[in-house]
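Please open the structure in your viewer and keep the selection panel at hand. The tour below goes stop by stop, saying what to select and what is there.

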Amino acid sequence: MKSENIQKIYQRLQERSDNVLGYPLARDFSYSEFAPFLDICVNNVGDPENLSTLAIDTKDIEMECVNFFANMLSTSTKEAWGYVTNGGTEGNLYGLYVARESFPNAMVYYSESTHYSVKKNLHLLNIPNIVIRSQDNGEMDYEDLEQTIMLRRDKPAIFFLNIGTTMTEAIDKVDEIKRIIKKYAIKDYYIHCDAAFLGTVAPFLQPKPKFDFAEGVDSISVSGHKFIGGPIPCGIVLVKRKHRDRIANSISYVGTMDTTITGSRNGLTPLFIWSFIQKHGLEGLRKRVEMALDLAAYTEKELQKIGIKAWRNPNALTVVMPKLSEALRVKHQLASEETISHVICTPGISKEKIDRLLIDIKKEQEVNNPLLVA
Ligand SMILES: *Cc1c(COP(=O)(O)O)cnc(C)c1O
C-alpha cells in the first residue's frame, strides 16, 4: 500500500475517534512507545501460567495484569485464575462455558437488557436459557426472576448478571439473586458477572456496588479497551480456580494447557494493560472515575437545562435521553436503541465535546420548534 493511502486511512480514523460520544471507549491513551513490538509476532498461546515451547510471549506480563485485576476484584491468584481475552464477549463466553461444565443440566437466567452477544454465546454452548424482564432503568426484574425460578427449583441455575447494562448502565443486584437462591433452596448455582464496562469503574464507586469475588461470584468478565482504553480490543476474565481446573487439558503440540478459548492469543494487549497499570494503578483509576462522574453529572444537568429529559442510573457514566435525530446520532456517534440514545462519559471526552453536542441539539430545536425555544 502506498504511504499516501495509509496517511488517509489514519486521518479518517483519527477524526472519527475524536467524535465518539456514545460508546464506552476511553480515548486518552498513547501506546506509541510499543511501536517496535509491531515487528514481532507476540503470541501467548495457551494457558498464561504454563509456558509454551513457542516462547515469543508476554505471559509474565499477562500474569501481572491478572494479579492486578484479581486484587481489584477482591480475590487473589491463589483462589482465582484468569487470562487476557479479546474482549468482554470472550470473557462472557468463557464464564458460561465453565458454568456449563460445572452444571451440564443448568438453566441460564439473564435479563432482556443483556448485551446482544450473550444470546449467541448461549446458542454456541447450547445451554437452555430464559430471558427475564427488565425494569425501566434496565435492571433485572427480580419478581419476574423469582416467578420463573419458582417453577424450576429442581434445575441448577446459572445467573448471568449485568454490572452495567450496555444501554443504561444498570447494575443487577447480587443480593437479590442470593435472596432468591436462599428462598427456593437452590443448591447448585453459578453466578457470572458481565462487568465489561464497569469492571474497572465499580470498585471505585461509593457506595461500591456488590459484584465481585467478595460476594462469592464464580466469574467476572471485563473489557480492557473500554474504561482503560487501548488500540486493540481486549479484556480480562477471572474465574474461580476450580472451574478452570475442571476443563484443563494438556496439549503436547504446544507444550502447554488448553484452558483458553482460542489457541494463539494476543501478546500485545497484555503489554498495554500492564503499561496502564504501571502508570496509573488503583489511585489513577479512582481519579479517572471521579473525573468521568463529574462530566456525566455536567452532561445530565446541561441536557436538562435545554429541555432534554436526560437521566442516569445512580453513579452512572452513561447519560440516557430520548432518541435524538439521525443527523445528531451519526455526527456524534451516539448509540441508540428503540426510544433512547445515550452519551457515555469516558476519559478522553472533554467538556467542549459535550458543549458541541448541546449546541447542535439547540440548533435543531430552533429549526423544528422555534416557538418553544427561549
Ligand atoms: C461492551 C459490552 C460487552 C462486549 O464486550 P466486548 O469487549 O465488546 O467484546 C458485553 N457486555 C456488556 C454489558 C458490554 O457493555
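Is Asn 5 buried, partly exposed or exposed? With a relative accessible area of 33%, Asn 5 is partly exposed, where buried means under 20% relative accessible area, exposed over 50% and partly exposed in between, for a 1.4 Å probe and protein chains only. Asn 5 is found in helix H1; helices (H or I, at least four residues) and strands (E, at least two) are DSSP runs numbered from the N terminus.

Before moving on, note that this is a predicted model, in which local features need pLDDT of at least 70 and side-chain atom pairs count only at pLDDT 80 or more, while totals for chains, interfaces and linings use all residues. Residues are numbered from 1 along each chain as its sequence is written, and side-chain values use heavy atoms, with hydrogens and water left out.

Next, colour domain 1 (3-23 + 283-364) and domain 2 (42-277) separately; these bounds come from an automatic or database domain assignment. Their C-alpha centres lie 27 Å apart, and 21 residues of domain 1 are in contact (heavy atoms within 4.5 Å) with 19 residues of domain 2.

Now select Phe 69, Tyr 109, Leu 145, Phe 159, Ile 177 and Ile 220, which touch the most other members of the largest nonpolar core, a set of 61 residues. A nonpolar core here consists of buried Ala, Val, Leu, Ile, Met, Phe, Trp, Tyr and Cys residues joined through side-chain atoms within 4.5 Å. Helix H8 (residues 269-305) gives the largest share of this core, nine residues. Because domain 1 and domain 2 both give residues to this core, it lies between them.

Select Asp 144 and Arg 133, whose side chains meet in a salt bridge (3.6 Å, N to O). This pair links distant parts of the chain, with Asp 144 in helix H5 (residues 142-150) and Arg 133 in the loop between strand S3 (129-132) and H5, eleven residues apart. Asp 144 counts as buried at 14% relative accessibility, whereas Arg 133, at 47%, counts as partly exposed.

Finally, select Glu 176 and Arg 179, which form a salt bridge with their closest N and O atoms 2.9 Å apart. The two are separated by about one helical turn, because they are three residues apart in helix H6 (residues 174-183).

How values were computed:
A salt bridge is a side-chain nitrogen of Lys or Arg within 4 Å of a carboxyl oxygen of Asp or Glu.
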